[in-house]
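Please examine the sequence and the structure shown below. The briefing that follows is arranged by topic.

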Amino acid sequence: MASVTHWGYLLAAFSCLCFMGFGDNMRGPLFPAILADLGLNDAQGGLMFAATSAGAMGGGLFYRGLVRQISTLRTVQLGLFLAALGLWGTTIARDLSGLLIASFVFGIACGGLALSQNLMVEEGSRPARRRQWLSGLHSVYGLASLVAPLVVNALANRGAGWRTSLQLAAALLLGLTILLTWVKPLPPRSPKSAQRPPKPPGLRGRQWAISLMVSFAVTAELIISTRLVQLLQREGFPAHQAGWALSAFFVCLFAGRFGCSLWRVRLSSRALILASGV
């Protein structure tokens, strides 16, 4: 727990999620072009996102032990490098197998960074402001999600293909990996004591219920962000209009997250999750 604010850690966490969200959300509007170029159908293309999700689960489990061995900052750098590698691998894929391998590597990075970024905010912020910093962190992802379709449209108008767009995102992630070398790392997190206080009765059931609700919310966001452009194009909308529709969704997503970072909501996290679900 930080007694002072470590601005280097906070800036690194925000930059990481911004660039990561940018690269991740470029794949949705580029999805129809990827299918057409590689000659894949919808079911085969959907495996790309399934491979990413499988990698994210494995990456999250792997990073839980890794953050106790090396500093959180170094785990973030490792995740950024893997994300750049996964996106670059996607651009050189020539068949379904290559696409799935690259997506899996990218997913490992996503899962690891999802844990490390939050830990960096926890280690770099004071307890009184931590909740607002975390809200601000995730509002940055909403901002990156908003910018990504706009950049894809701008690049497409200049004749750039989907491979060029993802190569740009990979280059940004790799550049940030190098820049974070100049941030001074804090000591690795010490392992928690083996003796843990007993959990209140019924706590595990409530945790599972909240986890299930959050999972549905994440699934809904993933479906909209990856399939909305494809659906609208099949309904006859031009590619740039489909991209604008996805941007409108991310405007609302960003507004909700950014609002929680500006105003201190006097509700518990559980109450906020339940209200959002309704």
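The pLDDT is the predictor's confidence in each residue, on a scale from 0 to 100. This is a predicted model, in which local features need pLDDT of at least 70 and side-chain atom pairs count only at pLDDT 80 or more, while totals for chains, interfaces and linings use all residues. Residues are numbered from 1 along each chain as its sequence is written, and side-chain values use heavy atoms, with hydrogens and water left out.

**Confidence**

- The protein chain has a mean pLDDT of 79, and 76% of its residues reach 70 or more.

**Overall fold**

- Nine helices and zero strands make up the secondary structure of the protein chain; helices (H or I, at least four residues) and strands (E, at least two) are DSSP runs, numbered from the N terminus.
- Of the 278 residues, 41% count as buried, where buried means under 20% relative accessible area, exposed over 50%, and partly exposed in between (1.4 Å probe, protein chains only).
- Contact means heavy atoms within 4.5 Å; among contacts between residues at least 6 apart in sequence, 85% join residues at least 24 apart.
- The chain exposes about 14900 Å², of which carbon and sulfur atoms supply 68%; accessible areas come from the Shrake-Rupley method with a 1.4 Å probe, and for residues only the protein chains shown count as cover.

**Nonpolar surface patch**

- Phe81, Leu85, Leu174, Ile178, Leu179 and Trp182 make a nonpolar surface patch of about 670 Å².
- Helix H3 (72-91) and H6 are the elements that give two or more residues to this patch, and H6 provides the largest share, three residues.

**Helix H3**

- Leucine 85 lies in helix H3 and counts as partly exposed because its relative accessibility is 47%.

**Serine 116 in helix H4**

- Serine 116 is found in helix H4 (residues 96-124) and counts as buried because its relative accessible area is 0%.
- Apart from neighbours within four places in sequence, serine 116 is in contact with Tyr63, Val67, Thr72, Thr75 and Val76.

Terms used:
Patch = residues over 30% accessible without salt bridge, like charges linked within 9 Å, V, L, I, M, F, W, Y side chains within 5 Å. Salt bridge = Lys/Arg side-chain N within 4 Å of Asp/Glu carboxyl O.
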